[in-house]
Amino acid sequence: MPGAALKLAKVYPALQAAGVKVIAVTAEPGGADAVRARLTERGVETLDYEIQSDPEHESLKLLGSPPEDTFVFLDHEWDVSGNYKMIQPAVFVLDADGAPIPACTWSWKTMGIEDPLWNTLTTTASGKQVPLVVYRPVMTDMLASIQEKRQVKLGFAFA
């Protein structure tokens with residue numbers, strides 16, 4: 001989460017100015033304060049947007065369909081805060097009334113990959129084969145994707 005959190009922090013002012021409420025949700029247990037403390041330990045400065053710890057995946061129920069239809073869950077053994085069911089990277093957007101905007105939803109499953117795992121290869125827009133774990137939403141495209149009601153563009157997570 002640290003890399004994504006930092007990239008989201010860079011675009012957060014523009015999202016906020018456009019009236020977009022940002023909530024970063026993680027399945028890491030321990031509560032929002034514990035998650036923030038772990039991020040600080042990993043070099044992430046103070047984040048201006050809300051962070052929620054949701055190990056029970058309650059927020060996913062907002063989508064109205066079974067979470068397993070959209071998201072990839074993996075059992076994660078972690079001695080830092082305890083074992084939990086990790087959700088692989090995903091983005092979902094709700095409108096002002098709290099209804100999901102399906103066109104803006106992205107996860108490994110929405111890419112049309114059968115049985116996606118972190119090391120499953122996918123083809124980038126330029127035709128290069130890369131593991132899913134390094135291919136993520138481009139945060140600088142987040143606002144435009146919401147305004148245009150489309151999936152966010154994808155790019156290399158470590159770029």
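Here is a short chat about how a few residues in this predicted model get their labels.

Visitor: What are the ground rules here?
Guide: Local features need pLDDT of at least 70 and side-chain atom pairs count only at pLDDT 80 or more, while totals for chains, interfaces and linings use all residues. Residues are numbered from 1 along each chain as its sequence is written, and side-chain values use heavy atoms, leaving out hydrogens and water.

Visitor: Why is Thr26 called buried?
Guide: Buried means under 20% relative accessible area, exposed over 50%, and partly exposed in between (1.4 Å probe, protein chains only). Thr26 comes in at 10%, so it counts as buried.

Visitor: And where does Thr26 lie?
Guide: In strand E1, residues 23-26; strands are DSSP runs of at least two residues (E) and helices of at least four (H or I), numbered from the N terminus.

Visitor: Why is Ala96 called exposed?
Guide: Its relative accessible area is 86%, so Ala96 lands in the exposed class. Ala96 is found in the loop between strands E5 (90-91) and E6 (106-107).

Visitor: How do you know which side of H2 is buried?
Guide: Helix H2 (residues 32-41) has Val35, Arg38 and Leu39 as its buried residues. They cover an arc of only 100 degrees around the axis, so they sit on the same side of H2; that arc is taken from the directions from the helix axis to the C-beta atoms.

Visitor: Which exposed residues are on the face turned away?
Guide: Asp33, Thr40 and Glu41.
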